[in-house]
Amino acid sequence: MSTTQTSKILRMNPRIFMVWIFMISISMIFVSLISAYIVKKGEPGGFNVDLPSMFYYSTALVLLSSIFKQLSYFASKKDNFKSLKLYLLLSLVTGILFLVTQYLGWVQLVGGGVYFVGHPDGSFIYILSGVHAFHLISGLFFILYVYSKSVKLDVHSKNMFFVEMSTTYWHFLAGLWVYLFITLYFYNI
Amino acid sequence: MGVTKTITSKSKTKVEEHHHEHHEESFITKYIFSEDHKMIAKQFLITGIFWAIVGGALSSLFRIQLGFPDMDLTALSPIIGNWLTPQGKIDPEVYLALITMHGTIMVFFVLTAGLSGTFSNFLIPLQIGARDMASGFLNMLSYWFFFLSSIVMFISIFVEGGPASGGWTIYPPLSALPQAVSGSGMGMTLWLFSMSLFIVSALLGALNYITTVINLRTEGMTFFRMPLTIWAFFVTAILGVLSFPVLLSAALLLIMDRSFGTSFYLSDIYIAGEALSNQGGSAILFQHLFWFLGHPEVYIVILPSLGITSEIIATCSRKPIFGYRAMVYSIFGIGALSFVVWAHHMFISGMNPFLGSVFTILTLIIAVPSAIKAFNYIATLWRGNIIFTPAMLFSIGLVSFFISGGLTGLFLGNSVVDINLHDTYFVVAHFHIVMGSASFFGLFAGVYHWFPKMFGRMMNSTLGYVHFWVTFIGAYLVFFPLHYIGIAGFPRRYYSFTNFETGRIESFIDLNTFVSFAAILTFIAQFIFLFNFFYSMYRGRKASANPWKSNTIEWTTPVEPGHGNWPGKIPTVTRWPYDYSKPGAKDDFIPQHIPLSSTKESNMPEDEHR
C-alpha cells in the first residue's frame with residue numbers, strides 16, 4: 001500500500017532536460033526549412049547547384065570537432081584538466097575553421113553564379129547553412145563558457161553538467177550539418 | 001561513509017528550506033525582475049489584460065465602420081485623428097490595419113501569452129507541488145521577451161504608414177512588398193520583429209512548463225494523479241515547442257524577401273504595371289509554413305481553457321470529473337491531430353482535390369476527442385450538486401461556446417462546403433465562438449476561480465454574475481448573426497458593403513448594425529470585470545485557505561504563498577484530485593494530500609491504483 005501511495009516520480013536533471021527540448025525545437029526549424037526545400041526542388045523551373053568543395057572540408061572539420069569535444073568529455077570524467085582544456089580548445093578551433101570553410105563555400109557559390117538573391121533553389125542553400133552557422137556560433141560560445149569554467153577548475157568528474165551539455169549540443173550541431181550536407185548533396189545530382 | 005552522506009544531504013535540505021523561508025526582496029526583485037512564478041504569472045495577466053483592452057477597442061472601431069458606415073467620427077479625432085478621412089470616416093487602409101492588429105493581439109498577446117503565460121506559470125508549480133519553475137531565470141526572461149515584443153508591437157501601431165495590415169496571417173506577396181500597401185512598410189517590419197521576440201518568449205515559457213511538469217512533481221504526484229489543468233498546460237507547451245519554430249522559419253524567409261531581395265515567396269509579380277525581378281518563389285509555401293504553426297496555435301489557445309474548466313466544473317459540481325483518462329487521452333488526441341490538419345485553411349489555394357479530402361478526413365476526426373470532452377463536461381454536470389460561482393458560470397459558458405462553435409467546424413472542415421464558405425463571415429463566426437469566446441471564458445473562469453490564490457482576496461460575485469450574463473448573451477448576439485451574414489456571402493476583411501448595389505448585400509446592413517451594437521456593449525461590459533478585478537485586489541473580502549473546497553494542493557499553501565510556495569515540507573500526494581462526494585466520506589471533498597490510511601471509511605478498491 002505504501003508503495004502505491006507515495007511512489008517516487010521520474011526525475012532527471014531539469015537543465016539537461018531543457019537542453020534536449022531546446023534541440024527539438026531547433027530541429028523543427030530545420031524540418032520546416034528542409035521540407036520547403038524538398039518541395040521547391042520538386043517543382044519545375046529550378047536548377048541544381050554544384051555544392052562547393054569547401055562544404056566537403058566543412059563536413060570533415062565538424063566531425064573532427066565533434067571527436068575533440070567527446071575527448072574533452074572523457075578527459076573531464078577522468079579529471080585530466082590538461083587534456084580537458086586542450087581538447088576544448090581544439091574543438092573551438094575546428095569549430096571556427098568550420099565557419100571559415102562555410103564562408104569560403106559561400107564565396108565559391110557566388111563565384112559559380114549562385115547568389116543569395118535570385119531563384120530560391122540557390123537562396124535555400126544560403127539559408128540552411130546560414131541558420132545552421134548561427135546555431136553553431138551559439139555552440140562555440142557555450143564551449144568558450146565551459147573553457148572559462150575549466151580554467152577555474154570548475155569542470156571535473158563531480159561537475160559534469162556543463163561539459164556534458166555542451167558535448168550533446170555540439171554533437172547535435174555536427175549531426176545536423178551532416179544531415180543538411182547529405183540532403184543538399186542528393187537533391188542536387 | 002554512508003552516515004556522513006545522509007548528514008550532508010539533510011543539512012542541505014535544511015539550508016534550502018531556510019533559504020525559502022527568509023527571502024528578503026527589494027521592490028525590483030519582487031515586482032519587476034521577479035523569478036517567482038506567481039509574480040511572473042501576474043505580470044503576464046496584467047499585460048494580457050492591457051492587450052485585451054487594446055484589442056477590444058480596435059474591434060469596436062472597425063465594428064463602427066461595419067455597422068454604421070455613414071457615421072461621422074470627427075468627434076473621435078482627438079484620439080484617432082490621423083486614422084480618419086476628411087469626411088470623418090475610418091480610412092480604408094487603417095481599417096485593414098485595425099483588423100490585422102485585432103487578430104494578432106487577441107490570438108498571440110492575449111490568448112497565448114495572457115492565458116498560457118498566466119495560468120501555466122501560476123498553476124503548474126502550485127498544483128504539482130514544486131517550489132518554483134525548473135528555471136526561474138528563463139521564466140523571467142520569457143516574460144521580458146514578451147514585454148519587449150509587446151512594446152515593439154505597440155509602437156508599430158503609431159509608426160508612419162500605420163501598423164501591419166495584411167491580416168493576422170500576413171500572407172505574402174502583400175506583406176512582402178512594401179510598395180503593395182502602406183501597412184507593409186515599417187509596420188510590417190516591426191510586426192515581424194515583435195513576433196520573433198514573441199516566439200522566443202513562447203519557447204522559453206514552454207521549455208519551462210514541460211520540464212517542470214516532468215521533473216518537479218512532488219512525491220506521489222504520478223502522471224495520472226495530475227489535475228487536468230496540468231495535462232492541458234503540458235500538451236499546450238508541447239504544441240508550442242513543436243510549432244512556434246516553424247513560424248520562426250516562415251518569418252525568417254519573409255524577412256529575407258522583404259529586406260534582402262530574395263524570392264522565397266515571390267514570383268511573377270506585376271505591381272503598378274511593372275514586372276518585379278523575383279522569380280521561382282511560391283506564396284503557397286508561406287501558407288503551409290504559417291498554418292503548420294497556425295493550426296496548433298488555435299489549440300494552444302483553447303486547450304488551457306479546457307483544462308481550467310475541467311477543474312472548475314468538477315470542483316463546483318462536487319463530482320469527480322467524468323472520464324478522467326478519456327479527458328487526458330482526448331487532450332493528447334487533439335494535440336496530435338492538430339499537426340496534420342493545417343491545410344484545411346488552404347482548401348481554395350489550388351491544392352490537389354485528393355489532398356483536400358485527406359485533410360478533410362483528418363480534420364473531421366478532431367470532432368471525436370472534442371466531442372468526448374464536451375460529453376464529459378455535461379456528464380460531470382449531470383446530477384451534480386452544482387454551485388454557481390462566477391467561475392462555474394464562465395466554465396459552463398465555455399462548454400456552450402465549444403459545442404455551438406465546434407459544430408460549424410464540421411462544415412468548414414469539409415473541403416467541398418468550405419469552397420463556398422471560405423473567407424466569409426461564417427468563418428469569422430466559427431472561430432470567434434469556438435476559439436475566441438470559449439478561450440476568453442476559460443480565461444475569465446480561471447481568474448475568478450484562482451483570484452483568491454493570486455491576491456488573497458475574493459472577487460465580488462454579484463459583479464461577476466452581471467459580467468457573465470452580459471458577456472455570455474452579448475457574445476452570442478455578436479457572433480451568431482455573423483453565420484447568416486457569412487452564408488449570405490459577405491467576405492471578411494472588407495471595408496464596406498455599400499457599394500455593390502445588388503440590393504441583396506444592402507439588406508444585411510441592419511444585421512451588421514445590430515452586431516456592432518452588441519459588440520460595443522459587450523466590450524463596455526468588460527469594464528465591470530476590470531473594476532471588479534482591481535477593486536477586489538485591494539478591497540475584496542479576505543479569502544479563506546480553500547474557498548471553493550477544492551482538492552488540488554495549491555489550496556494547502558498559505559492564503560498568500562511566499563516565494564517557495566509552502567513554508568514547510570511540500571505535501572505528499574496519495575490520491576487523484578477528483579475525490580468529490582465520495583460515498584462514506586465525512587466531507588464532500590478529500591484533498592490530494594490526505595493519505596488513504598486516514599480515510600478508511602471511504603476508500604475504494606480502485607484507489608490503490610490511482
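Which residues in helix 10 of chain B are buried? I'll start there, and then zoom out.

Quick housekeeping before that. This is a predicted model, so local features need pLDDT of at least 70 and side-chain atom pairs count only at pLDDT 80 or more, while totals for chains, interfaces and linings use all residues. Residues are numbered from 1 along each chain as its sequence is written, and chains are lettered from A and ligands numbered from 1 in the order in which they are written.

Okay, helix 10. The buried ones are Tyr324(B), Met327(B), Ser330(B), Ile331(B), Ile334(B), Gly335(B) and Leu337(B). Buried here means 20 or more other C-beta atoms within 10 Å of the residue's own, with exposed being 12 or fewer, partly exposed in between, and C-beta atoms placed from the backbone. And what do they pack against? Helices 8 (228-259), 9 (283-317), 11 (353-365) and 12 (367-381) of chain B. A contact means C-beta atoms, placed from the backbone, within 7 Å. Helices are DSSP runs of H or I, at least four residues, and strands are runs of E, at least two, numbered from the N terminus.

The length of helix 10 checks out too: its 14 residues, 324-337, should span 20 Å at 1.5 Å a residue, and the end C-alpha atoms are 20 Å apart, so the two agree. That expected span is 1.5 Å times one less than the number of residues.

Now chain B as a whole. You've got 17 helices and 2 strands. Its radius of gyration is 25 Å, close to the 25 Å the globule rule gives for 610 residues, so chain B is as compact as a globular protein of that length. The radius is taken over C-alpha atoms, and the rule is 2.2 Å times the number of residues to the power 0.38. The C-alpha trace spans about 85 × 55 × 55 Å along its principal axes, and 53% of the 610 residues count as buried.

The contact takes 29 residues from chain A and 37 residues from chain B. On the chain A side, helix 1 (2-5), helix 2 (14-42) and helix 5 (120-151) each give two or more residues. Helix 2 of chain A gives the most, with 12 residues. By type, that side of chain A divides into 15 nonpolar, 11 polar and 3 charged.

Methods
Two residues are in contact if their C-beta atoms, placed from the backbone, lie within 7 Å. Ala, Val, Leu, Ile, Met, Phe, Trp, Tyr, Cys and Pro count as nonpolar, Asp, Glu, Lys and Arg as charged, and the others, Gly among them, as polar.
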